[in-house]
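Subject: Structure for you to look at

Hello,

Here is the structure I said I would pass on. Please open it and keep it in view while you read the rest of this email.

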Amino acid sequence: WPLPYFYSEIKYIHDLWYSVFAFDYPWYGKSTWIPEIEKVWEFSKDFFEYIKKEKNIQNEYLIVWGYSVGTAVAVEFAAKNDFSKLVLVSPFASRYDMWKRWFFNIPPQKLFFMENSYMTSQAVQNFLKPALILHGNNDFIVPFSQGKQVFENYAWEKSFIEIDDFWHNG
């Protein structure tokens, strides 16, 4: 979903006296560029450098937050940068796992000899910062089991909140 969908959540967090900096995943909202992995990483790095420089954000106050496909970007970003806490909402285990779900247990990437990417459940095995993972138990887009897998693989202090009767965009 594009950023306007999250304005009430962003306002709520802001009203708690947090600064919120957000961007749309490529091809969502007003973003017009195609979501090539290298460009996503480059953009998230540039975005972080901008807020550090322009807003003087220090790493010990940085909470990295991702939703759905944005959880993969958040985890990749967190793997390469220092941060305070991580929040993942409806994370998926990997791109293969998601594609297998939608293509009868056969990830199309394998047919085209493409490597797996967005391997969230593997990346979090090395994190040494606290995390909060939330997932709706009626999520038919990203299965609840994938959120649990990310949680179970998380290496450090962690909390999981199962949201009853919550679907992916609920």
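This is a predicted model: local features need pLDDT of at least 70, side-chain atom pairs count only at pLDDT 80 or more; totals for chains, interfaces and linings use all residues.

Strands of a sheet pair through backbone hydrogen bonds, in a parallel or an antiparallel way. Here four strands form an open sheet in the order β1-β2-β3-β4, and their pairing is parallel. β1 (63–67) and β4 (158–163) are the edge strands, each pairing on one side only. On average, neighbouring strands are turned by 10° against each other, with direction ignored.

Strand β3 (residues 131–136) runs parallel to β4 and is joined to it by six bridges. To find one of them, look for Ala131, whose bridge partner in β4 is Lys158.

Helices on the sheet

Helix α3 packs on the sheet, where it touches β1 and β2 (85–89). The direction of α3 makes about 150° with that of β1. Helix α7 (residues 144–153) lies across β2, β3 and β4, and runs at about 165° to β4.

Two helices together

Packed helices are described by the angle and the distance between their axes. For helix α2 (residues 37–55) and helix α3 (residues 69–80), the axes come within 10 Å and cross at roughly 60°. The crossing of α2 past α3 is right-handed.

Which residues of α2 and α3 meet? From α2 they are Val40, Trp41, Ser44 and Phe48, and from α3 they are Ala72, Val73, Glu76, Phe77 and Lys80. Sorted by class, this contact has six nonpolar, one polar and two charged residues.

Regards

Key. Residues are numbered from 1 along each chain as its sequence is written. Side-chain values use heavy atoms; hydrogens and water are left out. Axes are lines fitted to C-alpha atoms, for helices over the stretch in contact, and angles run from 0 to 180 degrees between N-to-C directions. Helices (H or I, at least four residues) and strands (E, at least two) are DSSP runs, numbered from the N terminus. A crossing is left-handed if the near helix is turned anticlockwise from the far one by less than a right angle, and right-handed if clockwise. Contact means heavy atoms within 4.5 Å. Ala, Val, Leu, Ile, Met, Phe, Trp, Tyr, Cys and Pro count as nonpolar, Asp, Glu, Lys and Arg as charged, and the others, Gly among them, as polar. Two strands pair if DSSP finds at least two bridges between them.
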